[in-house]
Amino acid sequence: MKNLNIKNHIVLFICLSFIAFSSTFIYAQEKKKKVRVSLHFNKVENISYLKIFGKYKDKKKYKPANGLALDVFQVFENDSLVSLGTINLDKKGAATIDISKVFQQNLPQYDFKVFHKATDKFKKVSKTLTIQMANLAAKLITKKDTYFIEATLTNAQNEPVKDAELKVQLQRLFAPLAVGKGIYFTDENGMIHVPITEKMPGVNGKLNYEVVLDDSDDFGTIKSIIATNIGEPIKDLSTFDQRTMWSPPSKAPWFDIIIPNLLILGIWGYLVILVINLYRISKHKNS
Amino acid sequence: MKSFEELTNDLAPKKFGLYGKIWVAFLVVVILGAMYAYYQQATKGLVITGMRDYALWGIYISNFVFFVAISLVGSLVTAILRLSGVKWATPLTRISEIIAVAAIIMGGLTIIIDMGRPDRILNLFTHGRLQSPIVWDVIVITTYLVISILLLYFPLLPDLQILRRKYKNKKKLSKWYGKFSLNWNGNTTQRKIYKWSIQTLSVLIVPVAFGIHTVTAWLFATTYRPGWDSSNFGPYFIAGAFVAGAGGVISLMYVLRRTHHLKDYITDFHFDQMGKLLVLLILVYLYFNVNEYLVPAYKTTEKEAAHLKELFFGDEALLFWTVIIVGLVIPAVLLLFKKMRKPLPLFIIGLIVVIGAWWKRFIIVTPTLLHPFLPIQGVPESWHHYNPTHLEWLITWGTLAGAMLIVTLLVRFIPIIPIHETAEENNIVEPEKTASDEKS
Amino acid sequence: MDKNKDTIKSRRNFINNGIKLGLLTAIGGAAVAKSLKNEEMVELMDTDGNLIKVPVTKIEEHSSLKTDSYNVREGYPNKKFVMVIDLARCKNAKQCISACNKNHFVSGDNAWLKVYKMQDNPESSPYWMPNLCQHCDKPACVKVCPVDATFKRRDGIVLIDNERCIGCRFCMAACPYSVRVFNWDEPNQGEALVKLEMSMEHFEYSPDHAGVPSVKGTVDKCDFCPHMIDKRELPHCVSACPNGVYFFGDLYEDSVTNGDETFQLSTLLKEKAGYRLMEDLGTAPSVYYLPPKDRQEEFEKGLENFTEYQSVEKTEES
């Protein structure tokens, strides 16, 4: 009887320890942060890349998931994964991966997955993105002395995409400037036809116009750039090269250099003679 | 009529008596205190002053303007009066030049004291911009200093020779006087050079003197600020400078007359003349003041009106009216009476004029800065006012003491009144030189 | 017609050579593509027709606006920076002041950027007016500087070299906008600045990042944030404003943005009657103001934030 009691105690002890340990394990797991990952597909001309953002909540504020490593895969029909690489999120919680080569496969649809198993800090991360191929062809045309931007959006089957919201803008230093209404919708032929009414200035007349399909659910973000020479060449209006009263000393106005120097030379010339006179007085003690 | 020997005895520099020594000791103590205060400033920064971002120029700058103003007396008495053939001023020429040299040296030092980074002063020469009024000011001040020193030195040569002979029994003293007299013996060639040099210096100093104070005035007039943005500033400052300078000469000539017993040389007549000159200069200056203040007051331009209101009726009113009335109007009125032009009353009036001149420059410099175009906001309440700190006053007193020390030391070693010129004008002939003189 | 052919030809060149089109508007030198062997590189062509390699990870990051010939006293060529401040939107939130003070380690009692309580005349409504260095085209401050410590660049920005400044404060006396501050004291700029300096391999002072560090006995002021412009980012005050009050851009590009909205500058100023402060003084400022018409919110709401005697918050460090 006594033996049985001891055995029961030992079993109870082991069970309780197990529960204690596992609860600490579970508790520790609850401390791991959940990362919110967003995947975006971007295509600019011939370069396609995925932009990945990760952030987590820390004391009611979102912080970038700096340092988090993520594996990027392309997913095929049979759920098989092909690794495209591993990326690390930077201090802004962002990372970019070039997937231009993937599109040589010429599939109608591409599925991507980012994944990472749980780490000490973060829970398991898994996110997928499905993108269909689309093509945005944009060009500058002239009709009756007016320039137009013409863009056509077609899908993988070369069918036009109707009613797609396209942004038409001009590249500028800090942010692009909208052309016309800024937003245009494609017609039945998947086309937009935007007149350029304003002659904008550009360095040597160069203007880069952009047509952008911004963050569409099916196609991601596609940007097409049109490099043109139709701008008003900008003129340097600064006075930097001129002689002004606010220039550096080497570029003082002529009158400001000549007149003061003439006055200084004139007066100091006399002062030098006067000092020499002192010397002469000293020398002429016997006259 | 005095003999030559009596003349030289009267006018030779005297050793310090008890009062002289106490005076020098007092000045040295003040200067040492100022050096300590400047050491604090050099290590901690200009934060030890009462200046802040709005009152960014304070008593250092008004002190600087005061020194530049006083230094103009050299050109006034020595040059202008001499060139216009005024003979009575001859005894006062040396006093004026001494004041000029002392003031301009201390003026230069004062402006360095005001700099935030005096260790970078060489930048003025390596990277100086001729477009800046400060660079013009540095150039004219340097030029004026050299001219003033030359104008002090040239007329001193014959006097130094006289003193060399007088002290021929005191070998060392005689030797130094001899060295500095540059072998002057009054021969024809030397006289020719001497005459040409003094004439040239007298002509040269006038435009440079006008230049120095006009350029200093332009430090203010080239800005947009109401109270400074005036085309009147150049002539206004120069007129004020002559007033301050005349007051300075009057004060110093009275003191030196007493301490060196020069009643026979600086007579009541001199005081009377200087008194009349001072009245004239004050009236001219008051004329410029009327132009400077009444014209904008008539117009009520917004920013000007606010500034003038402060001066006439506001925080600055007491100081402003005291300076104008007690410092200028009352002296001018009093000096119309001959009784007031006697030595003692004139000395007191002269002193009041000089003190008034110092405060007038303060009125010109800081109140304008406390009325900027945009309202003063976003800074501590104390920044809306300017109260110089004790250290700032100590440094300022130090510079004034420095100027007085230079004057005192110069007066100790060189004759206050030009001996040879006085002799010439009174036809007192120097006795024939003896053989022993030739040897020394 | 010829223009059209040119554009088509240039595009064909791009594609025919199998070279991918440059994304970036003005790429300079090899600033970005350095010793990153393991990263995939992309070949790009910039607008001047030069080929450069850029790592893909940096494809959205723009390289430094500085070229090899960049001279801090001359600035960026072919640019003239301007700012537009919409007084109708300003509510005295003062986020601009906080951002500026923080990023330039402003430590004194006077901020470089302040929001003034203004009232032009007794009958009109009072309004909030942000005031900063106007980077004038005919700057009174630059004219009077005796040692060429403050200077006007080709791109319109006026900077201060605080290793040259002699602390005479003439520029402060000359400036009618009261935007310059003086370091009367040893600046107590805190640990953040020390960290910043240590984080750079080779820290060297440059006038185009004002306040890093500030120097006792010299003058400081707003610098239009060239260190942000270099990254093609907007100055701190512009990004920090929650009400979109500040617009910044290049006059030669005729475009200004507040981060969310971008406008053609000439149209904006014409339609909203943009003006400049104290125009009649002839300083030709680079900052335009849009009148406080059709205010978005009552002036009085801004009074909660108004601190008449303070513009720099003191942290525990100072």
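Helices here are DSSP runs of H or I with at least four residues, strands are E runs of at least two, and both are numbered from the N terminus. By that count A:Leu50 sits in strand β2 (residues 47-58) of chain A.

A word on the ground rules. Residues are numbered from 1 along each chain as its sequence is written, while chains are lettered from A and ligands numbered from 1 in the order in which they are written. This is a predicted model, where local features need pLDDT of at least 70, side-chain atom pairs count only at pLDDT 80 or more, and totals for chains, interfaces and linings use all residues.

**Chain A**

Back to A:Leu50. A residue is buried if 20 or more other C-beta atoms lie within 10 Å of its own, exposed if 12 or fewer, and partly exposed in between, with C-beta atoms placed from the backbone. A:Leu50 has 23 such neighbours inside 10 Å, so it counts as buried. Which residues does A:Leu50 contact, leaving aside its neighbours within four places in sequence? They are A:Leu39, A:His40, A:Phe41, A:Val72, A:Ile97, A:Ile99 and A:Phe112, where contact means that the C-beta atoms, placed from the backbone, lie within 7 Å. A:Thr96 is 46 residues away along the chain, yet its C-alpha atom and that of A:Leu50 are separated by 5.7 Å.

Chain A splits into domain 1 (35-132) and domain 2 (134-233), with bounds that come from an automatic or database domain assignment. The C-alpha centres of these two domains of chain A lie 28 Å apart. Nine residues of domain 1 of chain A are in contact with twelve of domain 2 of chain A. On the domain 1 side, β1 (35-44) and β8 (125-132) of chain A are the elements giving two or more residues, and β1(A) gives the most, with five. That side of domain 1 of chain A has four nonpolar, three polar and two charged residues. For these classes, Ala, Val, Leu, Ile, Met, Phe, Trp, Tyr, Cys and Pro count as nonpolar, Asp, Glu, Lys and Arg as charged, and the others, Gly among them, as polar.

The axes are lines fitted to C-alpha atoms, for helices over the stretch in contact, and angles run from 0 to 180 degrees between N-to-C directions.

| Helix pair | Axes come within | Crossing angle |
|---|---|---|
| α3 (59-71) and α5 (90-114) of chain B | 8 Å | roughly 160° |
| α4 (73-83) and α11 (233-259) of chain B | 8 Å | roughly 75° |

Angles under 35 degrees count as roughly parallel, over 145 as roughly antiparallel, 65 to 115 as roughly perpendicular and the rest as oblique. So α4(B) is roughly perpendicular to α11(B), and α3(B) and α5(B) are roughly antiparallel to each other. The contact of α3(B) with α5(B) has 13 nonpolar, four polar and one charged residues. Among the residues that meet there are B:Phe64 and B:Phe67 in α3(B) and B:Ala103 and B:Gly107 in α5(B).

In the other pair, B:Val73, B:Leu76 and B:Val77 of α4(B) meet B:Phe242, B:Gly245, B:Ala246, B:Gly248 and B:Val249 of α11(B). By class that contact of α4(B) with α11(B) comes to six nonpolar, two polar and no charged residues.

**Where the chains meet**

Between chains A and B, 20 residues of chain A are in contact with 26 of chain B. The chain A side divides into 13 nonpolar, four polar and three charged residues.

For chains B and C, 34 residues of chain B are in contact with 41 of chain C. On the chain B side, α6 (123-126) and α7 (133-153) each supply at least two residues, and α7(B) gives the most, with three. That side of chain B has 17 nonpolar, eleven polar and six charged residues.

Chain C has eight helices and 13 strands, and buried residues make up 48% of its 318 residues.

The peptide bond from C:Val212 to C:Pro213 is cis, with omega near -15°. C:Pro213 lies in the loop between α5 (190-199) and β9 (219-220) of chain C.

Where does C:Phe224 lie? C:Phe224 is in the loop between β9 and α6 (226-229) of chain C. Phi of C:Phe224 is near 65°, a positive value in a residue other than glycine. C:Phe224 is buried, with 27 other C-beta atoms within 10 Å.

A:Asp163 also has a positive phi, near 50°. A:Asp163 is found in the loop between β10 (146-155) and β11 (165-170) of chain A, and with 9 C-beta neighbours inside 10 Å it counts as exposed.

Notes
Contact = placed C-beta atoms within 7 Å.
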